[in-house]
Amino acid sequence: MNLFDRISEDIKKAMLAREKVRLEALRGVKKEFLEAKTAKGANGELSDDTATKIMVKMVKQRKESAKIYEENNRQELADNELAEAAVIEEYLPRQLSAEELEAELKAIIAETGASSAKEMGKVMGVATKRLAGKAEGKLISAKVKELLA
């Protein structure tokens with residue numbers, strides 16, 4: 001079962017269980033999936049890779065919104081955004097630990113032959129593709145800088 005079908009099934013379950021936050025989060029995900037499926041050049045298909053990228057983006061947006069709400073003393077809205085982010089994260093691949101991330105990046109650096117900070121772009125190109133959904137871009141970037149310094 002692909003992600004699109006899994007989300008659709010879980011929407012039904014959330015409706016029956018009357019889980020409001022879960023239902024809203026999953027409906028938002030399905031909306032984004034449908035838009036991606038019907039976008040120009042998508043031929044009505046949605047790969048799991050594309051779906052994962054969409055969900056990573058959605059989690060990032062929810063966390064950024066929560067941060068803004070907290071800065072404006074709107075904790076109830078921030079809590080809702082964080083709850084939705086947690087629901088969406090359940091469908092993403094397990095995030096790499098700091099040690100696993102470092103090991104993966106060292107392998108990529110060795111593979112690309114990069115030796116200085118000037119070659120960071122070469123490493124980041126491979127790393128962002130290979131680690132998509134498994135680690136945040138900011139974390140990858142910071143660790144690559146550290147390893148190439």
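A residue counts as buried when its relative accessible area is under 20%. By that cut-off, buried residues make up 34% of the 149 residues in the protein chain. The model is predicted, and its secondary structure comes to seven helices and zero strands.

**Overall picture**

- Along the sequence, the elements of the protein chain follow the pattern α-α-α-α-α-α-α.
- The C-alpha trace spans about 55 × 45 × 25 Å along its principal axes.
- The protein chain exposes about 9,400 Å², and 52% of this area is supplied by carbon and sulfur atoms.
- Of the contacts between residues at least 6 apart in sequence, 57% join residues at least 24 apart.

**Helices H1 and H2**

- Two packed helices are described by the angle between their axes and the distance between the axes.
- For helix H1 (residues 3-17) and H2, the axes come within 9 Å and cross at roughly 150°.
- Angles over 145 degrees count as roughly antiparallel, so H1 is roughly antiparallel to H2.
- The crossing of H1 and H2 is left-handed.
- On the H1 side, the residues that meet H2 are Leu3, Phe4, Ile7, Ser8, Asp10, Ile11, Ala14 and Met15.
- On the H2 side, they are Arg22, Leu23, Leu26, Arg27, Val29, Lys30, Phe33, Leu34 and Lys37.
- By class, this contact of H1 with H2 has eleven nonpolar, one polar and five charged residues.

**Helices H2 and H3**

- Helix H2 covers residues 20-38 and helix H3 covers residues 48-71; their axes come within 10 Å and cross at roughly 135°.
- H2 and H3 are therefore oblique to each other, and their crossing is right-handed.
- H2 contributes Gly28, Val29, Glu32, Phe33 and Ala36 to the contact, while H3 contributes Ala51, Ile54, Met55 and Met58.
- By class, the contact of H2 with H3 has seven nonpolar, one polar and one charged residues.

- Lys37 lies in helix H2 and is partly exposed, with a relative accessible area of 23%.
- Leaving aside neighbours within four places in sequence, Lys37 is in contact with Phe4, Ala42, Gly44, Glu45 and Leu46.
- Lys37 and Ala51 are 14 residues apart along the chain, and their C-alpha atoms are separated by 9.8 Å.
- Thr52 is found in helix H3.
- Thr52 counts as buried because its relative accessibility is 14%.
- Leaving aside neighbours within four places in sequence, Thr52 is in contact with Leu3, Leu92, Pro93 and Gly133.

- Most residues other than glycine have a negative phi.
- Arg18 has a positive phi of about 55° although it is not a glycine.
- Arg18 lies in the loop between H1 and H2 and is exposed, with a relative accessible area of 77%.
- Asn73, which is not a glycine either, has a positive phi of about 55°.
- Asn73 is found in the loop between H3 and helix H4 (75-89), and is exposed at a relative accessible area of 70%.

Notes. Residues numbered from 1 in each chain as written. Predicted model: local features only at pLDDT ≥ 70, side-chain atom pairs only at ≥ 80, totals over all residues. Heavy atoms only, no water. Axes fitted to C-alpha atoms, helices over the stretch in contact; angles between N-to-C directions. Helix = DSSP H or I, 4+ residues; strand = E, 2+ residues; numbered from the N terminus. Parallel < 35°, antiparallel > 145°, perpendicular 65-115°, else oblique. Left-handed = near helix turned anticlockwise from the far one by under 90°. Contact = heavy atoms within 4.5 Å. Nonpolar A, V, L, I, M, F, W, Y, C, P; charged D, E, K, R; others polar. Buried < 20%, exposed > 50% of the residue type's maximum accessible area, 1.4 Å probe, protein only. Areas by Shrake-Rupley, 256 points an atom, 1.4 Å probe, with all protein chains shown as cover.
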